[in-house]
Amino acid sequence: MKLLAGLLTAVLVVTVLLVLAVRADPDVPLSLSGADARIPYCTTYEAVIVADLATETLPTCAPHGVELRFPDGYVIDLPDEPGTGGRSDGGHDYTYVDVGAFGMYAARADHACEHIEQWGTPEAIRRVTEAFGDDYVCVPDRP
């Protein structure tokens, strides 16, 4: 059973890194070592409050299958497997990235990409913005 859990974790880590690499600048990929990517899943099913992600404290677990609540009331349902995702609604684009042991990153930007808000541990924010840029949350070529 532990072998199966280990294999599943390895597949998950590779999948997350591949998904992140698709959006990444090939010269500055977001990379996590195996130890950085491995963090146990949370066993509680409380909603993740985006404002609470702005902390110096590293997480002890990765949230999954719960709501991610932004300060303006917008909610994204996190999938059962930690990863990355985004949505657009109203006048904003929303995104999140599981940055493994460094916590979750979340961001919101207006459609003009003039006002961007980011939440996460300083290291999660640094890794995401270094890999993808400060405007990662912005949807390109919006009609």
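Mentor: The account below begins with the sheet and then turns to the helix, a loop and the salt bridges.

The model is predicted, so that local features need pLDDT of at least 70 and side-chain atom pairs count only at pLDDT 80 or more, while totals for chains, interfaces and linings use all residues. Residues are numbered from 1 along each chain as its sequence is written, and side-chain values use heavy atoms, leaving out hydrogens and water.

Four strands form an open sheet in the order S4-S5-S6-S7, and their pairing is antiparallel. Helices (H or I, at least four residues) and strands (E, at least two) are DSSP runs, numbered from the N terminus; two strands pair if DSSP finds at least two bridges between them. At the edges are S4 (84-89) and S7 (116-119), each of which pairs on one side only. On average, neighbouring strands of the sheet are turned by 10 degrees against each other, direction ignored. Angles run from 0 to 180 degrees between N-to-C directions, and axes are lines fitted to C-alpha atoms, for helices over the stretch in contact. S4 and S5 (residues 92-98) run antiparallel and are joined by six bridges; Asp89 has His92 in S5 as its bridge partner.

Helix H3 (residues 122-132) lies across S5, S6 (104-110) and S7, at about 60 degrees to S6. Contact here means heavy atoms within 4.5 Å.

The loop between S6 and S7 holds Cys113. Its phi is near 60 degrees, a positive value in a residue other than glycine. Cys113 is partly exposed, at 26% relative accessible area. Buried means under 20%, exposed over 50%, and partly exposed in between (1.4 Å probe, protein chains only).

The structure holds six salt bridges, each being a side-chain nitrogen of Lys or Arg within 4 Å of a carboxyl oxygen of Asp or Glu. In one of them, the closest N and O atoms of Asp72 and Arg108 are 2.9 Å apart. Asp72 lies in the loop between S2 (67-69) and S3 (75-77) and Arg108 in S6, so this pair ties together parts 36 residues apart in sequence. Arg108 is buried at 10% relative accessibility, whereas Asp72 is partly exposed at 38%.

Arg127 and Glu123 are about one helical turn apart, because four residues separate their positions in H3. Salt bridges with shared partners join Glu123, Arg126, Arg127 and Glu130 into one network.
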